[in-house]
Amino acid sequence: MSSLQATTEEVLQLAASHFKVPRETLSPEDDFFKKLGIDSLQALDLLTRLENHFHIELPDYELQGVSDFRTLAERIQARL
Amino acid sequence: MLDLHQYSSLGSALRAALERWPTETCLIEADRERENCRLTYREFRDAAIPLARALQDSGFPPNARAAIIMTNQSKWLISAYAIFFCGGVLVPLDYKLTATEHLQLLAHSKAEVLIVEYHLWRAIVQAKGFSGLKARTVLVTEVPSGAALDGAKRWEEFRGKGEPQFVERKREDWASIVYSSGTGGRPKGCVMTHENYLEQCMALTTLYPFWPGVHYLSILPTNHAIDFMIGFVGSFTCGATVVHLRTLRPEFIREAFRRYHITYMVLVPMVLKSLERGLLQRFDTLSPTNRKLLNALIAVNRALSRNRPHLRLSRLILRGIHQAFGGKLRALFVGGAFTEPATLQFFYDLGIPVANGYGLTEAGTAITLNDFKPFRADTVGKPLPGMEVRIIHPDTDGIGEVIVKSKTVMSHYLDDPDMTAATIVNGWLHTGDLGRLDNMGHLQLFGRKKNMIVTEGGKNIYPEDIENNFEGLPVKEFCVFAANFVWPIRKMTGEQLIIVLRLDGPSELTNELRLELIERNRRLPDFKRVSGCLVWTHDFPRTASMKIKREALAEEIRAVTDRAAMIEL
């Protein structure tokens, strides 16, 4: 099982590649809505990509109230 | 459909529907590609009756209030019916609020019963203020085995034996308390009567009939007034089937259209735009020849549909697109926020009519709706049957405040006679929206008179409600506004919130304060964040009771600044 740190890094890399921004511009505490300029539906797109990558299922409500990469990684980590 | 004139309450109308179409499917609950449950009207009744009996056995009296906090699913509707069966007053709360907000509204509504999903209940239990929860009975759905319930009961096990007693209500009795906003400041609990709902249902189904065999796709939560009306009351009283989809992911929405041959769907502009994006991406993958062919077919369809939709013809001409939507789609309804005319036109040209409407909770959901006679992308349609709409104090362009009179207008705001008196004047509901009626009777909207914004997701945001989040800022005073309230523009999109700061000491915004504002902003959900700030160098005008005179302050700011004065956060 990978560590939270490793999961967070993978989330950041996937987000960077999905939204075509350099990985180094993103950090764990960033608010992904603001940083990437995305709406909640685009965030769901990212969630789908993360599910496919980690082979898990995250119900939509898991994103409820989550807006930073670190918390998102924690939610994923809890299901690995 | 049922003749709703014959019924005096939602409970009696729904009860008749369950008896009228026992073998028709009333509910399908889908989660991604899985189907969680499928119920006929008889099975729905069989699921709700033991719950109603258990509620009565637990001492839930007529007129008592029961709140539901759930995502989009079948148990929402089953629970609501059981509450109406007992003569209760439904309090549908938005599951997207925070647990603290849930507790505030539960207290304000004085709900005696709470029905809630497990993950939301966990958050409520852990929230500050939980010990003050007054609900005597809490029923929790989808509890994992062995999980602690903190005094609650499992919804699935809360079943009484024997037939409960049906409690009839009169048309003027309260059916529900719906919060249009007001969690941080002044809760706005709209008290809706049974008559409000029955009249609205008749008006909507006159324009857009439902019948057994209609499949309505529900993706909005049922606490949303539109989904409650169309995805519950309207569908059930016509014997139609409601398909609940427990995800908003576009790929599963597309799949649901195909799998369940959807007839109607209600959505908010944000989801409509997402469907548009998805279609455009698919068009982009076509070869140049096929793209030209598609454009030609769309042009033919547009010409043929100029005066009214021709569904069968459109399905033939643009077969591939219509098959992707299941082949049975008759119309999409969009509301809750402003929709770009270009998006409406895009779908209409494909032979998918999008009925654009306008409404507010206080008016009993919809006030106007497009009837496609002919299609108009630039308006929010004509007043529904039974709705009187007027424009007061029009300017030279005919634009003024929209006011409404109808049997669907709410009774009052719960425990707030002052706000009720300011909103309903001589029987006319003052919407706070600015509009104009054209010579065809269509309503066009041009912005807001009131201090609020509506997001693309259909959320009403009142600036007062988010001021709590900025309490304790190291400033002398502050106030949050809708930017359009301070500097009005005739636009319904791109609305923003701003925070006005009266500094305590320095005359300019320090970097430290700016960072704190950004940090405080991050604690809010994205749709509630302020976009910018303005430093004001005078004390705020206040009432004798020290409340900020918002209109006066906005006027003062407007007199000497424009939008360029706003510092982006």
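## A friendly note on a two-chain predicted model

1. **How chain A is held together.** Residues 24 or more positions apart account for 56% of the contacts in chain A with a separation of 6 or more. Two residues are in contact here if their C-beta atoms, placed from the backbone, lie within 7 Å. Please keep in mind that this is a predicted model, where local features need pLDDT of at least 70, side-chain atom pairs count only at pLDDT 80 or more, and totals for chains, interfaces and linings use all residues. Residues are numbered from 1 along each chain as its sequence is written, while chains are lettered from A and ligands numbered from 1 in the order in which they are written.

2. **The make-up of chain A.** Chain A has four helices and zero strands, and its elements follow the order α-α-α-α from the N terminus. Helices (H or I, at least four residues) and strands (E, at least two) are DSSP runs, numbered from the N terminus. Of the 80 residues in chain A, 20% count as buried. A residue is buried if 20 or more other C-beta atoms lie within 10 Å of its own, exposed if 12 or fewer, and partly exposed in between, with C-beta atoms placed from the backbone.

3. **The dimensions of chain A.** Along its principal axes, the C-alpha trace of chain A spans about 30 × 25 × 20 Å. A compact globule of 80 residues would have a radius of gyration near 12 Å, and the 11 Å of chain A agrees with that. The radius of gyration is taken over C-alpha atoms, and the globule rule is 2.2 Å times the number of residues to the power 0.38.

4. **Turning to chain B.** Chain B contains 17 helices and 28 strands. Its radius of gyration is 24 Å, close to the 25 Å that the globule rule gives for 569 residues, so chain B is as compact as a globular protein of that length. The C-alpha trace of chain B spans about 70 × 65 × 50 Å along its principal axes. Of the 569 residues of chain B, 49% count as buried. Among contacts in chain B between residues at least 6 apart in sequence, 69% join residues at least 24 apart.

5. **The domains of chain B.** The domain assignment divides chain B into domain 1 (4–260), domain 2 (268–448) and domain 3 (462–568); such bounds come from an automatic or database domain assignment. The centres of domain 2 of chain B and domain 3 of chain B, taken over C-alpha atoms, are 32 Å apart. Six residues from domain 2 of chain B and seven residues from domain 3 of chain B take part in their contact. On the domain 2 side, the residues divide into three nonpolar, one polar and two charged. In this scheme Ala, Val, Leu, Ile, Met, Phe, Trp, Tyr, Cys and Pro count as nonpolar, Asp, Glu, Lys and Arg as charged, and the others, Gly among them, as polar.

6. **Where the chains meet.** Here 12 residues of chain A are in contact with 15 residues of chain B. Helix H3 (residues 40–54) of chain A gives the most to the chain A side, with four residues. By class, the side of chain A that touches chain B has four nonpolar, five polar and three charged residues.

7. **A pair of helices to look at.** In chain B, helix H4 (residues 99–109) and helix H5 (residues 118–126) pack at an angle of about 80°, with their axes 8 Å apart. Axes are lines fitted to C-alpha atoms, for helices over the stretch in contact, and angles run from 0 to 180 degrees between N-to-C directions. H4(B) and H5(B) are therefore roughly perpendicular to each other (under 35 degrees counts as roughly parallel, over 145 as roughly antiparallel, 65 to 115 as roughly perpendicular and the rest as oblique). B:Ala99, B:His102 and B:Leu103 in H4(B) meet B:Ala123, B:Ile124 and B:Gln126 in H5(B).

8. **Backbone details worth a check.** Most residues other than glycine have a negative phi, and most peptide bonds are trans. B:Asn63 has a positive phi, near 75°, and lies in the loop between helix H2 (41–57) and strand E3 (65–69) of chain B. B:Asn63 counts as exposed, because it has 12 C-beta neighbours inside 10 Å. The peptide bond from B:Lys373 to B:Pro374 is cis, with omega near 0°.
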